[in-house]
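User: I would like to learn how to read a few features of a structure, step by step. Please show it to me first.

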Amino acid sequence: MAFPAFAIYSFLYLYPALSNLLYSTQRWDGVTKPEFVGLKNFIHLLTDDDLFMKVVSNNIRFAIIVVVLQTGFGLLFATFLTENSKTNIFLRTIYFFPTILSSVSVGLIWTFLYDPNYGFINATLKAIGLDKLALNWLGDSKYSLYAVAVTQIWFHTGQMVVIYVAGLQQIPAELYEAAEMDGATRWQQFKNITWPMALPTTAVVVAYTTIQTFRAFDLVYAMTQGGPLNSSDVLVTLVYNTAFVGYKFGYAAAQTIFLVLLVMLVTWLQRRTLRIDYGDKK
Amino acid sequence: MIYKVFKNTMLTIFAAAVLVPSSIVVLGTFKEDVEIYTKPLALPKHWNLNNFRTLIDTGNVITPFKNSVIVAIFSVAITIFFASLVSYVVARSVTVTGKVLFLLFSLGLAIPGQVNIIPIFTLFTKLHLNNSLFGLILVNIALTLPISVFIISAFFKDLPKEMFEVASIDGAGHWRVYRSIAMPLARPAIGATSIFLFVICWNDLLYPLMLINELDKKTLPLTLIDFRGEFATSYSMLFTAIMVASIPMVLMYVFMQRSFVAGLTAGAVKG
């Protein structure tokens, strides 16, 4: 019964993953005969490739900003919207809405909002006299990565709110009632009840968001294609360009292996810290 | 008091952050470019469908729409069918087969699909599967099988074992049990997973970008990307195209909200 799935999956997932390992040891332009170079690609990647290091640092910065803010906003709005009142359900529906759009649509909508001349953001800033703040958001290498990060946060915060609400609704209401009787402030309630009780959900949200940020491609490609001057390049856009613009297939494969290892390392570290955290506070 | 002000301010700001861009796009589909630049949030001067007409006449959005529908529907239907079969084996198997299968598919969750772009590209070039919708469907199936197996098998495992056992004692074979017991019971999970997969397939850019370059095989995200170049400054055309590309998702969101949200969050939580 499981055979058809197994066949497709092996042929188009496991087998490619293995050939990828092989490619990473070759110098290959995708057309002529590949040449075996051993670990040279990896050595070059880690010791002599400034662009790669820049992109890794971009991706890590992108991940940190998005994970921290998206998780933070997700939890904040979920605490506001935990109860199933009509207004709350309505607001959750609105917040979730961007999640259903495609990365390409979202990227192009925000390209308009960020447009230095006609865009909504700069037009508004100029209208209220803040001309100095009307920057070239996507066109300036100083801001492009952060501009994309803001879009990513706008895109998926609503999804995190919904995940958090499901988690927060599991917390027994008696805990809050007791705290209120003892005269605990909102902040104390959050710190001593919501935060520790929501930690398992936080672990899920953080892990998911982290992986999303290291897989990011569509949004970046739609908004900046990694530019200007690679300032918003992330790992997958770099791999794409290395392979399909630069025709260095072997080298690009080595980059993807690095990406897998990096994601595994980061997830492992997160699991450790979040578990320790959880154990301490329990 | 301060808490209330803070709460309401934050909630309003984020609601506006979602509603303002969405309104600009929706209203923009009825406007000309100048109107979008000067009064992005005002109601359009003339309510007409000129942009849609121009888009259909010149932009060639019908074919990509059709392609996207074909790719998404076949990818989802086949993935769900295959994944539910695997999940059935995983949940019901008493031998080591189930465990091995589950482990194999879990491996796919550890390796992000994006990592396979180079080998898939070379493989598909060899097999002449690039520039074909069939090829895209195959890729989608392979990429979404792991997560689907993960979600559906978790659901099957939660079903009471006795239901299967009683049917088996009554002499029903595995196919029969799968078809008339497991699947009907799993309907909510199947529905939510289908929507989750549909969103992924409908919105994907990376694989079509890599595999498709013939105009009549392009999917919607690919066409939208082309639009940015073609109508470099025409946001009215762009907004109209975005609208067309988003309508199926919006309709599904409005009419199947519960499964939609369940699917997209299950995908995140379980993945």
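User: How many helices and strands are there in chain A?

Analyst: A word on conventions comes before the count. This is a predicted model: local features need pLDDT of at least 70, side-chain atom pairs count only at pLDDT 80 or more, and totals for chains, interfaces and linings use all residues. Residues are numbered from 1 along each chain as its sequence is written, while chains are lettered from A and ligands numbered from 1 in the order in which they are written. Helices (H or I, at least four residues) and strands (E, at least two) are DSSP runs, numbered from the N terminus. Chain A has 13 helices and two strands.

User: What box do the C-alpha atoms of chain A fill, and what percentage of its residues is buried?

Analyst: Along the principal axes, the box is roughly 75 × 55 × 40 Å. For burial, count C-beta atoms, placed from the backbone, within 10 Å of a residue's own: 20 or more others means buried, 12 or fewer exposed, and in between partly exposed. Of the 282 residues in chain A, 44% are buried.

User: Which domains does the assignment give for chain B?

Analyst: Domain bounds come from an automatic or database domain assignment. Here they are domain 1 (2-48) and domain 2 (56-270). Their centres, taken over C-alpha atoms, are 33 Å apart. Each domain puts eight residues into their contact. On the domain 1 side, helix 1 of chain B brings the largest share, three residues. That side has three nonpolar, two polar and three charged residues.

User: Which residues touch the most other members of the largest nonpolar core?

Analyst: A nonpolar core is a set of buried Ala, Val, Leu, Ile, Met, Phe, Trp, Tyr and Cys residues joined through C-beta atoms within 7 Å. In the largest one, of 159 residues, they are B:Val86 and B:Ala241. Helix 7 (residues 133-158) of chain B gives the most to this core, 15 residues. Domain 1 and domain 2 of chain B each provide at least three residues.

Notes. Two residues are in contact if their C-beta atoms, placed from the backbone, lie within 7 Å. Ala, Val, Leu, Ile, Met, Phe, Trp, Tyr, Cys and Pro count as nonpolar, Asp, Glu, Lys and Arg as charged, and the others, Gly among them, as polar.
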